Structure formats: structure tokens, C-alpha cells
Amino acid sequence: MYTEPDNRTDGSKPFQVEGYPEEKRTSLRRWNIGAGILHFCQSIIQLVLALSVENFRDFKLPISTSFLGLQTAGDAQFLATQSRTLGNVQLGPLVFIFFFLSAFFHFLVVIPYFNEMYWDQINRGKNYFR
């Protein structure tokens, strides 16, 4: 069990995390491999769709910004919200990157060196790989 250092002055109890049971590690490792394979397949499918299917390739969303700007109406000046479109972003390649990074980190945590780091963090109630 991991317990945070007790340096509280407000009288509250330190945060405690129960360690993940050893017998469940194998199951979680299999789930990470399975999820990695699934995300990798999804990333390849998404990349193919984003590059070949016209509806996926041409689908773009605008990126806009809103800010306060000084407006003049006659003799009065006031602040008003203004917006501007910065450009358009293709969504297909971004979805590919998301799935690919998900697959990468699922596979990374099953590599022995990173697996030990992963379990050390899990047992302390953290998950930097997420």
C-alpha cells in the first residue's frame, strides 16, 4: 500500500492506494495488448479512409478565435466580442494520430522496462502513460 507523505496541517488523512494484485497483472497485460491491436487496426483504417475516401479527405472543421476588441459607434467606444477564423483543419489525419498514439502507449506498457515503471505508478495511484 502506498501512502503519500503526511505533511498536512489541516488535520486531513493522507491519500492511500491499495497495490494492484499480482495475479491481475497478466489479465491487464492481455487487455493492453488487445486494446493496442484494436487501436492500431483502427488507425490504419482511419488513415486509409482519410487519404482515399472523398468525404473523409475533404471534411474540415474551422478553427476560430474570439476576443474583445474596441468598437466605435458615433462618439462612443466600447468593448465587443469579435471572432476570426484562423483556418480549417482536416479531421481524418487527427483521428489517425489519436488512434496510433493510443496503440503506441498500449504496446509501450507491456514492454518489460516500461511495464515495471507502469506498475510502480499504478501502485502509487498514478498513470503517466495514460
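Student: In this predicted model, is the crossing of helix 1 and helix 4 left-handed or right-handed?
Tutor: Take helix 1 and helix 4 as the pair. Their crossing is right-handed.

Student: At what angle do helix 1 and helix 4 pack?
Tutor: Two packed helices are described by the angle between their axes and the distance between the axes. For helix 1 and helix 4, the axes lie 13 Å apart. The angle is about 120 degrees.

Student: How many residues of the contact of helix 1 with helix 4 are charged?
Tutor: Helix 1 brings R25, L28, R29 and N32. Helix 4 answers with N115, E116, Y118 and W119. Of the residues in this contact, three are nonpolar and two polar. The charged ones number three.

Student: Which helix gives the largest share of the lining of the largest pocket?
Tutor: The largest pocket has a volume of about 290 Å³. Helix 1 (25–52), helix 3 (91–108) and helix 4 (112–122) each give two or more residues to its lining. The largest share is three residues, and they come from helix 3.

Student: How many residues of the lining of the largest pocket are nonpolar?
Tutor: The lining includes L28, F105, V109 and I122. Also among the lining residues are N32, S102 and R130. Four of the lining residues are polar and one is charged. The nonpolar ones number six.

Student: Is Q46 buried or exposed?
Tutor: Q46 sits in helix 1. Beyond its neighbours within four places in sequence, Q46 contacts F56, G92, V95, F96 and F99. Its relative accessibility is 12%, and buried means under 20%. Therefore Q46 counts as buried.

Conventions
Residues numbered from 1 in each chain as written. Predicted model: local features only at pLDDT ≥ 70, side-chain atom pairs only at ≥ 80, totals over all residues. Heavy atoms only, no water. 1 Å grid on protein atoms, 1.4 Å probe; cavity = no way out; pocket = protein on both sides within 12 Å on 5 of 7 lines; lining within 4 Å. Points joined across faces, edges and corners; volume = space filled by probe spheres on them. Helix = DSSP H or I, 4+ residues; strand = E, 2+ residues; numbered from the N terminus. Nonpolar A, V, L, I, M, F, W, Y, C, P; charged D, E, K, R; others polar. Buried < 20%, exposed > 50% of the residue type's maximum accessible area, 1.4 Å probe, protein only. Contact = heavy atoms within 4.5 Å. Axes fitted to C-alpha atoms, helices over the stretch in contact; angles between N-to-C directions. Left-handed = near helix turned anticlockwise from the far one by under 90°.
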